[in-house]
Amino acid sequence: MADAILVQGLVKTYGSVRALDHLDLKVPEGTVLGLLGPNGAGKTTCVRVLATLLRPDAGRVSVAGIDVLTQPQRVRKIIGLCGQYAAVDDNLTGYENLEMIGRLYQLGKARARQRANDLLERFELADAAKRTVKTYSGGMRRRLDLAAALITSPPIIFLDEPTTGLDPRSRLGMWDVINERVRSGSTLLLTTQYLEEADQLADEIVVIDHGRAIARGTATELKRKVAGERLEVTVALATEIEAVRMAMEKVCGDVPEIDLEARRVSAPAGAGTRALLDVARLLDSAGVEPVDIGIRRATLDDVFLRLTGQTTGEDDNEAEIPAADRRRPAGPVKTEGVR
Amino acid sequence: MSAAAGALHDGWIVTKRNLIKIKRVPDLLIFTTIQPIMFVLLFTYVFGGAIKGTGVAYKEYLMAGIFTQTVAFGSSLTAIGLADDLTKGIVDRFRSLPMSRAAVLIGRTTSDLLNNLLVVVVMGLCGLLVGWRVHTGPLAALGGFALLFLFAYAMSWVSAVIGLAARSVEVAQSAGFIWLFPMTFLSNAFVSTNTLPDWLRPVADWNPISSIALGVRDLWGNAPAGLARGSGFPAQHPVLLALLWSAAIVAVFVPLAIARYRRVSTR
């Protein structure tokens, strides 16, 4: 299979910040690559380079064999971009937005109109077609933005955090639409900070942090890299955490990870059920009654935690937490740095 | 499609998009129209009695000046419009499309020109009400308006460069506007340049605003005679100079704006 997207040694710096640091990516035709990373990891910068919006300092980038840096206008004809901030016009109606973008993709007037109507129908926006986008909900705007990216049914699509900030139902709706594109043979590069999303949609995942790829593989492969099963104990009171930590350190022989906010302590459960029973017994004698105790398979969250020393950001202002200081969710707030 | 035809095709599509916005959010249009009406009334009735010595009735003298100032001020809308687009994702969308790199700028400057056109019509009616008249034929009268719109369009591209360079809409709003005050007042727009100190007079005479205003006055038969026209070449060939100024502004600022647009990104 030919590589639909090829990125080699990509470097982009903003002042002293390296947004991209020799990044390499390869996306075979017809597959989905999930680019996974926290805020500020360089995901958006990478997409902006691929979508001809930003010139890198060094590196080679090609899309469908066409050099993005020397022939951007040819690249623009075969890509669709759906950004983090719905790039549609507030003052136009949904229909007017799609028709305009179709015309600017150089579709004829009749074809642009037809595509606009088809996509509004397909994305369940037909009822809102004549309303200005200002009146749309967040989910509707994202769907319209995605529809705009798909006007010409481009063979290559970039989705930059397509579901960030959406409620769970709208997210599922977006996943449906994205999955449908994949089945029809498009090549996708999807950035996300949701592990679940990468797990659901991507054939291959590249984890990036500080502009570098720090791991790659399928979701299963990445999960396997992290010690299989983990023992997890959640308690009701913050004051009980110390007792749990001590019990788990004794049984599991490893320094447990502590999530203060969720009052959850976890550690690799080498001995499986045995470890669970031992910890339960120790807690019982210490008079601590856990809210929840159990053995859990590794998720991509664990993978991420292992690789970057931080959890994935659930909100936009997620702080960067040094590995050594994970107990206090504070530290400098780092933004994507490309806007 | 050739590059020029493509730019016009895409530019027109973006123009339509901007016009829809004016239609749906007419507030800006209303305020840009009120301002020149205010100027016509204030200058005619407040300063009109005090300002003498041009040899023609002051309201006749004044109108071309106010028209010129109005289209120059109106061009600052371009900076605001572009800066506003840049704060939204839409410019990223446009830049990722296989459309002309000039289209967003052509669309913006064209819709601002049409906005200016409407303002000038309203102002003209207001001027007729206070007693301003054109004393030449219809062709020369239209020529005067054509000169105004040519200059307005050229100034829009200066404003485009400011809008693309400004870091926010607020900055674009002040930066696009503030320099127009000295530029329009240091000219013959409101008073004859022959009252200025010797060292300042050539600056005012060669000011593009003076050339446009005097050129338009000549075409409308509102121009003063003799020393009140200013002196030297600008006083003798205002229409020619107005055309040259507009052409020079376009030649410099269109490529500058397009080059900036290529590198610009959403803020």
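**Figure 1. The two domains of chain A in a predicted model.** Domain bounds here come from an automatic or database domain assignment. The model is predicted. For chain A, the assignment gives domain 1 (3-223) and domain 2 (227-325). The C-alpha centres of these two domains lie 36 Å apart. Their contact takes 13 residues from domain 1 of chain A and 13 residues from domain 2 of chain A. On the domain 1 side, helix H7 (195-201), strand E9 (204-209), strand E10 (212-217) and helix H8 (219-225) of chain A each give two or more residues. By class, that side of domain 1 of chain A divides into eight nonpolar, two polar and three charged residues.

Figure 2. Chain A holds 11 helices and 14 strands. Of its 339 residues, 46% are buried. Among contacts in chain A with a separation of 6 or more, 67% join residues 24 or more positions apart. Mean pLDDT for chain A is 83, and 89% of its residues reach 70 or more. Residues 313-339 of chain A have a pLDDT below 50; in the model, this stretch has 42 contacts beyond near neighbours in sequence.

**Figure 3. Where chain A touches chain B.** The contact draws 27 residues from chain A and 19 residues from chain B. On the chain A side, helix H2 (72-76), strand E6 (79-82) and helix H3 (94-104) each supply at least two residues. H3(A) gives the most to this side, with five residues. The chain A residues that touch chain B divide into 15 nonpolar, six polar and six charged.

**Figure 4. The largest nonpolar core.** This core has 144 residues. Leu50(A) and Phe151(B) have the most contacts inside it. Helix H7 (residues 138-165) of chain B contributes the largest share, 14 residues. Domain 1 (3-223) and domain 2 (227-325) of chain A both give residues to this core, so it lies between them. Phe151(B) can be followed to its partners: leaving aside neighbours within four places in sequence, it is in contact with Val71(B), Ile212(B), Ala242(B) and Ser246(B). A second, separate core has 16 residues, including Val233(A), Ala267(A), Ala275(A) and Val288(A).

Figure 5. An unreviewed UniProt entry carries the annotation "transmembrane region" for residues 28-49, 61-83, 113-134, 140-165, 177-196 and 239-259 of chain B. Two of these spans are shown in close-up. Residues 28-49 of chain B are 91% helix and 0% strand, with end C-alpha atoms 32 Å apart. Residues 61-83 of chain B are 96% helix and 0% strand, and here the end C-alpha atoms lie 36 Å apart.

Figure 6. Gln173(B) sits in helix H8 (residues 169-175) of chain B. Around it, 18 other C-beta atoms lie within 10 Å. A buried residue needs 20 or more, and an exposed one has 12 or fewer. Gln173(B) is therefore partly exposed. Leu186(B) is 13 residues away along the chain, and its C-alpha atom is separated from that of Gln173(B) by 21 Å.

Note on methods:
Residues numbered from 1 in each chain as written. Chains lettered and ligands numbered in written order. Predicted model: local features only at pLDDT ≥ 70, side-chain atom pairs only at ≥ 80, totals over all residues. Helix = DSSP H or I, 4+ residues; strand = E, 2+ residues; numbered from the N terminus. Contact = placed C-beta atoms within 7 Å. Core = buried A, V, L, I, M, F, W, Y, C linked by C-beta atoms within 7 Å. UniProt positions renumbered as here; feature names shortened; annotations may be inferred. pLDDT = per-residue confidence, 0-100. Nonpolar A, V, L, I, M, F, W, Y, C, P; charged D, E, K, R; others polar.
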